[in-house]
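Morning, everyone. I have one structure to show you today. Please put it up on the screen and keep it in view while I talk.

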Amino acid sequence: FSQGQGVRRPFGKSILSRSFLMFASLRALSLALVSAKLVAADCELEPGLVLLQAKVEVQTSFNETFDLEGVEGTETQLPSQYHEIKCGDESRHFSGNMVMLGDKGLWCPNAKIGTTTVYKYLSSIKGWPQEGNEQRRCYPAPEGGKAKPCWFGREMRSAAEMVKRGHAHEMCDAFTFTFIRNPWDRVRSAYEGKIATGRISVDGRTNMSFTEFVRFIGTQDPAEMNYHWRPVSQTCLTTGPNASHYNKIYKLEQGLNGQLKWAMRMIGWDVEKIEAANQRTMPSVQERIQNFTEAEGIHRPHELVDIVSRVYADDIALGNYQFHVYA
């Protein structure tokens, strides 16, 4: 069952109505039938929901929370970003933003960390359109919302949809991986590619300076951030008590193509076409220092550096990143 943080949505006194109780009973019956299927697959989600005094194992991720206040013997579960799955004798957490590639690979994409290159590679080997509305991608949940359903047969499926459709057990045996990047470079890349170009408005503005952008990030709740600069730890749950299970975490600074080849070999996919993927030049340490310490309008040299250090502390620790070191 998916657990985590969310917002309750009260329904008032009408919740005691006969029609709602009938709805709740039918929902409990439906969840019980789903649970039976998962147990038969020997990979069920952990019990989590108590509805009308009946504990039910469920595989679906609720997008809304029903406030059952006033109905005796009930509890509620909040919507969340991860799924807790029983794999053999152990429970594992999987971010709802993860994407299943074929039958063996489970990748968690992070915007501005080689995601476009990976999708171009996937499109080239599968013959998918690479431009326009027909291109195939699984997008992370937008700020303060939920991810759109993503299901392209068995070639590419989001973890959230796999759970919803009863395929959660397939994630247990998958090779799980993601890519991380120096947060200072990633924030700058997000600004240059999305903010300075006017493609994304921030706080209702499309003409924000880099200094203003970083200061704005410093005021945001990570869960409410646009996924182009949302911390990896938030999108892919790489740290914390509900951290997702990963077999490998790659650093973009160590070369995307080579590491992508290694990952694709692990899941049995063709690696020869990766050479054709576009790999952009990474900024130097000197450029990074100049961008942050000489930015227009800063109050002190390390003002922006310190904001990124605070907001992306988990990502920095995960990759052992430093501001003055290329790594």
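Predicted model: local features only at pLDDT ≥ 70, side-chain atom pairs only at ≥ 80, totals over all residues.

Let's start with the whole chain. It holds 10 helices and 11 strands. There are 327 residues, and 50% of them count as buried. The accessible surface comes to about 16,100 Å². Carbon and sulfur atoms account for 48% of that surface. Now take the contacts between residues at least 6 apart in sequence. Of these, 67% join residues at least 24 apart.

Next, the sheet. In what order do its strands run? The order is E8-E9-E6-E7-E10-E11. That makes six strands in an open sheet, with mixed pairing. Strand E8, residues 151-152, and strand E11 stand at the edges. Each has a single partner strand, so one side of each is left without a neighbour in the sheet.

Now look at the pairings one by one. Strand E6, residues 99-101, pairs with E7 in the antiparallel sense, over three bridges. Here Leu101 has Gly105 of E7 as its bridge partner. Move on to E7 and E10. Strand E7 covers residues 105-108, and its pairing with E10 is parallel, over four bridges. Cys108 finds its bridge partner in Thr178 of E10. Then comes E11, residues 248-251. Four bridges join E11 to E10, and the two run parallel. Ile180 is bridged to Lys251 of E11.

Let's stay with E10. Is this strand enclosed or open? It covers residues 175-180, and six of its six residues are buried, so the rest of the structure largely encloses it. Remember a general point here. In a regular strand, side chains alternate between the two faces of the sheet. Now check both faces of E10. On one side sit Phe175, Phe177 and Phe179, and they are buried.

On to the helix pair. H4 is residues 183-195, and H8 is residues 285-293. How do they pack? The angle is about 65°, and the axes are 11 Å apart. Angles of 65 to 115 degrees count as roughly perpendicular, and H4 and H8 are therefore roughly perpendicular to each other. Their crossing is left-handed. From H4, the contact uses Trp184, Asp185 and Arg188. From H8, it uses Arg288, Asn291 and Phe292.

Last stop: Gln322. Where is it? Gln322 lies in the segment after helix H10, residues 313-319. What does Gln322 touch, leaving aside its neighbours within four places in sequence? The contacts are Asn182, Trp184 and Arg288. Trp184 and Arg288 also take part in the contact between H4 and H8. One more distance, this time to Pro183. Along the chain, Gln322 and Pro183 are 139 residues apart, yet their C-alpha atoms are separated by 9.4 Å.

Key:
Residues numbered from 1 in each chain as written. Heavy atoms only, no water. Buried < 20%, exposed > 50% of the residue type's maximum accessible area, 1.4 Å probe, protein only. Contact = heavy atoms within 4.5 Å. Areas by Shrake-Rupley, 256 points an atom, 1.4 Å probe, with all protein chains shown as cover. Pairing = 2+ DSSP bridges. Axes fitted to C-alpha atoms, helices over the stretch in contact; angles between N-to-C directions. Parallel < 35°, antiparallel > 145°, perpendicular 65-115°, else oblique. Left-handed = near helix turned anticlockwise from the far one by under 90°.
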